[in-house]
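Me: Please take a close look at one part of this model for me. I would like to understand its salt bridges, step by step.

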Amino acid sequence: MEPKIDIGIADEDRQAIAQGLSKLLADTFVLYLTTHNFHWNVTGPMFQTLHTMFMEQYTELWNALDEIAERIRALGHPAPGSMSEYLKLTRLSEVHGVPKAEEMVRILVAGHEAVCKTAREIVPTVERANDEPTLDLLTQRLQIHEKTAWMLRSLLA
């Protein structure tokens with residue numbers, strides 16, 4: 001039995017926040033895997049630019065996974081860690097096959113925008129519970145995903 005957690009956030013709020021963060025973790029993992037896949041498989045005239053950009057993006061996503069999972073653990077809940085769990089929790093779809101470079105960019109724009117929606121869904125509960133560390137994490141994630149979506153979207157203009 002784990003010791004009782006008494007950090008000033010009610011048990012039911014900690015559980016709701018951890019559930020929301022688990023969805024964010026799942027979205028982030030699926031987006032990470034998609035981005036890494038595209039890094040490996042991109043071809044065409046924009047190869048070098050996209051190959052490098054995708055590597056920067058999947059590296060950032062990989063590092064974010066640990067931050068999100070550790071926040072779930074700090075709230076006293078287990079972090080999901082399997083593809084089957086992620087696929088149940090995520091709002092993103094797996095990508096099958098190898099799309100053309102421009103379609104890869106479109107898929108990643110949609111993925112980053114979807115992660116923003118997942119993060120925003122948690123904010124009201126986090127604010128109500130006065131959970132500043134999670135709010136800070138969500139704010140950082142939103143800034144990164146919105147900026148990344150914008151940069152990717154700019155390639156499609």
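Reply: Start with a term: helices here are DSSP runs of H or I, at least four residues long, numbered from the N terminus. One more point before the details: this is a predicted model.

Now the salt bridges. The structure holds eight of them. The general idea is simple. Side chains of opposite charge can pair when their charged atoms come close.

Take helix 4 to begin with. Arg 106 and Glu 102 both sit in this helix. They are four residues apart, about one turn of the helix. Arg 106 pairs with Glu 102 in a salt bridge, and their closest N and O atoms are 2.5 Å apart. How open are the two partners? Buried means under 20% relative accessible area, and exposed means over 50%. Arg 106 has 39%, so it is partly exposed. Glu 102 has 47%, so it is partly exposed too.

Some salt bridges share partners. Lys 4, Asp 11 and Arg 14 are joined into one network in this way.

Look inside that network. Arg 14 forms a salt bridge with Asp 11, with 2.6 Å between the closest N and O atoms. Both residues belong to helix 1, which covers residues 11-41. They are three residues apart, again about one turn of the helix. Their surroundings can be compared with the cut-offs above. Arg 14 has a relative accessible area of 7%, so it is buried. Asp 11 has 39%, so it counts as partly exposed.

Next comes a pair with a longer reach along the chain. Arg 71 forms a salt bridge with Asp 131. The closest N and O atoms are 2.7 Å apart. Arg 71 is buried, because its relative accessible area is 15%. Asp 131 is buried as well, because its value is 2%.

Helix 2 and helix 5 also turn up elsewhere. Each supplies at least two residues of the lining of the largest pocket. Helix 2 gives the largest share, five residues. The pocket has a volume of about 190 Å³. Its lining includes Glu 56, Glu 60, His 112 and Lys 147. By type, the lining divides into four nonpolar, three polar and three charged residues.

Technical notes: Residues are numbered from 1 along each chain as its sequence is written. This is a predicted model: local features need pLDDT of at least 70, side-chain atom pairs count only at pLDDT 80 or more; totals for chains, interfaces and linings use all residues. Side-chain values use heavy atoms; hydrogens and water are left out. On a 1 Å grid over the protein atoms alone, a cavity is a set of points where a 1.4 Å probe fits but cannot get out, and a pocket is an open set with protein on both sides within 12 Å along at least five of seven lines; lining residues have an atom within 4 Å of a point. Grid points are joined across faces, edges and corners, and a volume is the space filled by probe spheres set on the points. Ala, Val, Leu, Ile, Met, Phe, Trp, Tyr, Cys and Pro count as nonpolar, Asp, Glu, Lys and Arg as charged, and the others, Gly among them, as polar. A salt bridge is a side-chain nitrogen of Lys or Arg within 4 Å of a carboxyl oxygen of Asp or Glu. Buried means under 20% relative accessible area, exposed over 50%, partly exposed in between (1.4 Å probe, protein chains only).
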